[in-house]
Amino acid sequence: AGRLDLYRSQVRLPELLAQMVDTYKMQALSKGVKFHFQALSKLPEVVICDEKRLRQVLNNLLSNAVKYTAQGQVDFSVRYRNQVAEFTIRDTGIGIEEEALERIFHPFERVRDSHSSNIPGSGLGLTIVKLLAEIMGGDFQVESKIKQGSCFKVSLMLPWVA
């Protein structure tokens, strides 16, 4: 319909992250890929956010990291400071060519090469992540080197609840 509503509620952040870690750790291990999670700072028990949208952002990024990593590892970390959560997903996957870094945010755009041509997907995941990060008042960054992996960072304002 061309619009997106945010529904803010109280979300138990550590529980949400534990569920994500359980899901993607299992997927990674089934491929022979290591999966590490680390909270780099003390996390609040409860934050205010749109849980569905936060899950959507993290699911897209973690799913891609596991999907595009055939060997090595996926590292997922979160840092919380001044009511801002910074989620970092780093992988040792196929990486993205520098010329393609802007295109990956266009709807239905998939960067295809000999390493990724048989990997399924619609090409909407990163477009959705970027859109949601912006709508939620956050920031989304990517760094990548071909054949070395990628690093995606999403920073979101997640006010804590006392």
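How much space lies in the second largest pocket? In this predicted model, the second largest pocket holds about 150 Å³ of space.

**Figure 1. Overall fold of the predicted model.** The protein has three helices and seven strands, which follow the pattern β-α-β-β-α-β-β-α-β-β along the sequence. Of its 162 residues, 42% count as buried. Among contacts with a separation of 6 or more, 71% are between residues 24 or more positions apart. The accessible surface comes to about 9,200 Å², and carbon and sulfur atoms account for 50% of that area.

**Figure 2. Lining of the second largest pocket.** The pocket, with about 150 Å³ of space, is lined by D75, R90, D91, T92, E143, S144, K145, Q148, G149, S150 and C151. Two or more lining residues come from each of the strands β5 (84–91), β6 (139–145) and β7 (149–157). By class, the lining has five charged, five polar and one nonpolar residue.

**Figure 3. N82 in the loop between β4 (73–81) and β5.** Most residues other than glycine have a negative phi. N82 is not a glycine, yet its phi is positive, at about 55 degrees. The residue counts as exposed, with 63% relative accessibility.

**Figure 4. Q83 in the loop between β4 and β5.** Q83 also has a positive phi, near 65 degrees, and is a residue other than glycine. Its relative accessible area is 29%, so Q83 is classed as partly exposed.

Key: Residues numbered from 1 in each chain as written. Predicted model: local features only at pLDDT ≥ 70, side-chain atom pairs only at ≥ 80, totals over all residues. Heavy atoms only, no water. Helix = DSSP H or I, 4+ residues; strand = E, 2+ residues; numbered from the N terminus. Buried < 20%, exposed > 50% of the residue type's maximum accessible area, 1.4 Å probe, protein only. Contact = heavy atoms within 4.5 Å. Areas by Shrake-Rupley, 256 points an atom, 1.4 Å probe, with all protein chains shown as cover. 1 Å grid on protein atoms, 1.4 Å probe; cavity = no way out; pocket = protein on both sides within 12 Å on 5 of 7 lines; lining within 4 Å. Points joined across faces, edges and corners; volume = space filled by probe spheres on them. Nonpolar A, V, L, I, M, F, W, Y, C, P; charged D, E, K, R; others polar.
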